[in-house]
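Here is a short briefing for a first look at a protein model. Please have the sequence and the 3D view open while you read.

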Amino acid sequence: MVFFKSGDEKFEQGNEFIKRKEYDKARSAFEKAVSKGAADAEVAKVMIALLNLRSASVQTYGDAVNILREKKDLEITFGLFTLKCAQLATECDAVHSELVAAAMSQAGGPALKARAEALFAAAMKFQTGIGTNTLIIPEVYTAIKITGIQKANGLMAEGNENMAESVAMEDPKRAAEFLQMALNYRQQLGDTNAEARIRNKITQYAKAAACWVCGREATGETLHFVTMPTEVTAMQQKTKSASPLPSYVGGESIYVCRACYLAISKRADAIAKQYHDAAIREMQAMEARLNARINQVNARIR
């Protein structure tokens, strides 16, 4: 009676677990196959690397790239799929680049530009390395079919949005141009929600107005000017402005440049703080008077 399975038996057991989609058990079986020196130990290492990709991280995809490139001439059977290690290496390298880019900082213009460039580089890997073919790993584990072109379009869209935000404060019109490119990629993907969001932002960034308060002209709504609710009378609407650009919307709001808006807001905050501090002082004084009277009553009772 055999109590301990050999390495080869563990390897076959791992394959059976994959067919049943018991991936944790499969990974354990392949690890034992490697440690017991199975004839297919090198294939088992590839299987372990692929099973680790269920946790999509920079580390797991980086490890997979290294192993798959070493075994690029191998062809393996993974459940119902027959896979070539060379193709898997190309896919894992592209996904690894995507994950590295996605993890990059989005704080500030230079960081956003660097992230955008990394996304563009990852998109190029999907486009040239995979193209119209379907990505293997998502199909194996989730039955989702997505082509290299689709992945590339999504990354190009995100990269152009990052580029837009990286230059928005200095050049809103250029930011709108980047957003237009992002919109084109979203349209190819049929992402209607993203299309509506980007179109709205393009309209805002390309918009120009004159500040009602100081008269300065500015481009880029939400960036360099905002809308503030108020009441513009019919007579004021007829008054000529020094700028040909609009300074109000209907009779219910006005355009205010960022500088004037912040000046008003900060002054309002300062006034509110004065009232708040005065109220706190009065409450503390009232509390002190109340405590003093309570102490007097307690003293009389004693």
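N15 sits in helix α1; helices here are DSSP runs of H or I with at least four residues, numbered from the N terminus. This is a predicted model in which local features need pLDDT of at least 70, side-chain atom pairs count only at pLDDT 80 or more, and totals for chains, interfaces and linings use all residues. Residues are numbered from 1 along each chain as its sequence is written, and side-chain values use heavy atoms, leaving out hydrogens and water.

**Helix α1**

- N15 is buried, at a relative accessible area of 16%. Buried means under 20% relative accessible area, exposed means over 50%, and partly exposed lies in between (1.4 Å probe, protein chains only).
- Leaving aside residues up to four places away in sequence, N15 touches F30, M47 and T77. Contact means heavy atoms within 4.5 Å.
- D8 also belongs to helix α1, which covers residues 7-19. D8 is partly exposed, with a relative accessible area of 42%.

**A negative patch**

- D8, E9, E12 and D40 form a negative surface patch. Such a patch takes residues with over 30% relative accessible area and no salt bridge, and joins like charges within 9 Å.
- Asp and Glu count as negative. The place of a charge is CG for Asp and CD for Glu.

**Salt bridges**

- The structure holds 20 salt bridges. Each is a side-chain nitrogen of Lys or Arg within 4 Å of a carboxyl oxygen of Asp or Glu.
- D24 and R54 meet through their side chains in a salt bridge of 3.0 Å, N to O. This pair links distant parts of the chain, 30 residues apart: D24 is in helix α2 (residues 23-35), and R54 is in the loop between α3 (41-52) and α4 (58-70).
- D24 is exposed at 56% relative accessible area, and R54 is partly exposed at 37%.
- R199 and E195 form a salt bridge at 3.5 Å, N to O. They are separated by about one helical turn because they lie four residues apart in helix α10 (residues 192-206).
- R199 is partly exposed, at 39% relative accessible area, whereas E195 is buried, at 11%.
- R289 and E282 pair in a salt bridge of 3.4 Å, N to O. R289 is partly exposed at 47% relative accessibility, and E282 is partly exposed at 46%.
- A network of salt bridges links E161, R186, D191 and R197.

Conventions: Patches are made of residues with over 30% relative accessible area and no salt bridge: like charges are joined within 9 Å, nonpolar side chains (Val, Leu, Ile, Met, Phe, Trp, Tyr) within 5 Å. Accessible areas come from the Shrake-Rupley method with a 1.4 Å probe; for residues, only the protein chains shown count as cover. Helices (H or I, at least four residues) and strands (E, at least two) are DSSP runs, numbered from the N terminus.
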